[in-house]
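Keep the structure open as you read.

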Amino acid sequence: MIAFIAHGFFAAGSVAAEPDIADPRLVRLVRQDCGSCHGMTLQGGLGTPLTREALSGKPADSLAATILYGRPGTAMPAWKTLLTEAQAQWIANRLLDGFPEE
Ligand code: HEC
């Protein structure tokens with residue numbers, strides 16, 4: 001019984017690892033800071049497009065890693081000092097869904 005509860009707890013915990021950041025600040029960061037390269041509508045600019053169509057089929061984990069660590073040799077900077085892993089994962093998942101408007 002305890003194991004069952006603990007399991008339920010951890011399952012809930014792993015959902016919480018993707019925080020429910022209906023956080024307007026994070027949406028704004030992506031629209032503005034990421035948008036400065038990827039375009040305000042994320043259709044691309046200096047950076048590649050980050051639309052649902054453009055990212056279709058790319059694994060969320062690798063997108064999150066690109067966000068956290070950047071792409072050496074390209075203009076894509078690392079965001080690990082500003083974003084947590086969970087936030088990068090959240091952004092990657094939202095990008096794959098079609099990023100929410102501010
Ligand atoms: C200084 C410009 C710049 C900024 C700011 C920037 N990026 Fe990028 N980003 C790039 C470039 C250039 C690439 C393409 C790298 C390459 O050629 O592989 C890229 C690639 C990516 C990719 C990989 C896309 C793919 O098709 O695999 C993701 C995801 C991404 N950026 C997300 C973000 C997010 C999220 C932010 C904000 C937290 C951000 N970027 C901010 C320039 C930028």
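Start with α2. It gives the largest share of the shell around the ligand, six residues. Helices here are DSSP runs of H or I with at least four residues, strands are E runs of at least two, and both are numbered from the N terminus. This is a predicted model: local features need pLDDT of at least 70, side-chain atom pairs count only at pLDDT 80 or more, and totals for chains, interfaces and linings use all residues. Residues are numbered from 1 along each chain as its sequence is written.

Now the whole shell. It holds 22 residues, and the closest are Cys 34, Cys 37, Gly 47, Thr 74 and Met 76. By class, 13 shell residues are nonpolar, six polar and three charged. Ala, Val, Leu, Ile, Met, Phe, Trp, Tyr, Cys and Pro count as nonpolar; Asp, Glu, Lys and Arg as charged; the others, Gly among them, as polar.

Step back to the fold. The protein chain has five helices and zero strands. Its pattern along the sequence is α-α-α-α-α. Contacts are pairs whose C-beta atoms, placed from the backbone, lie within 7 Å. Among those between residues at least 6 apart in sequence, 54% join residues at least 24 apart.

How much of the protein chain is buried? Buried residues make up 17% of its 102 residues. Buried means 20 or more other C-beta atoms within 10 Å of the residue's own; 12 or fewer means exposed, and in between means partly exposed, with C-beta atoms placed from the backbone.

Next, the core. A nonpolar core is a set of buried Ala, Val, Leu, Ile, Met, Phe, Trp, Tyr and Cys residues joined through C-beta atoms within 7 Å. The largest one has 14 residues, of which Ile 67, Ala 88, Ile 91, Ala 92 and Leu 95 touch the most other members. Elements giving two or more residues to this core are α2, α4 and α5 (85-97). The largest share, five residues, comes from α5.

Finish at α4. Its buried residues are Ala 64, Ile 67 and Leu 68. Seen down the axis of α4, they fall within an arc of 95°, so they line one face of the helix. That arc is taken from the directions from the helix axis to the C-beta atoms. These buried residues pack against α5. Leaving aside neighbours within four places in sequence, Ala 88 contacts Ala 64, Ile 67, Leu 68, Trp 79 and Leu 83. Just after α4, Gly 70 takes a positive phi of about 75°.

Technical notes
Near = placed C-beta within 6 Å. Contact = placed C-beta atoms within 7 Å.
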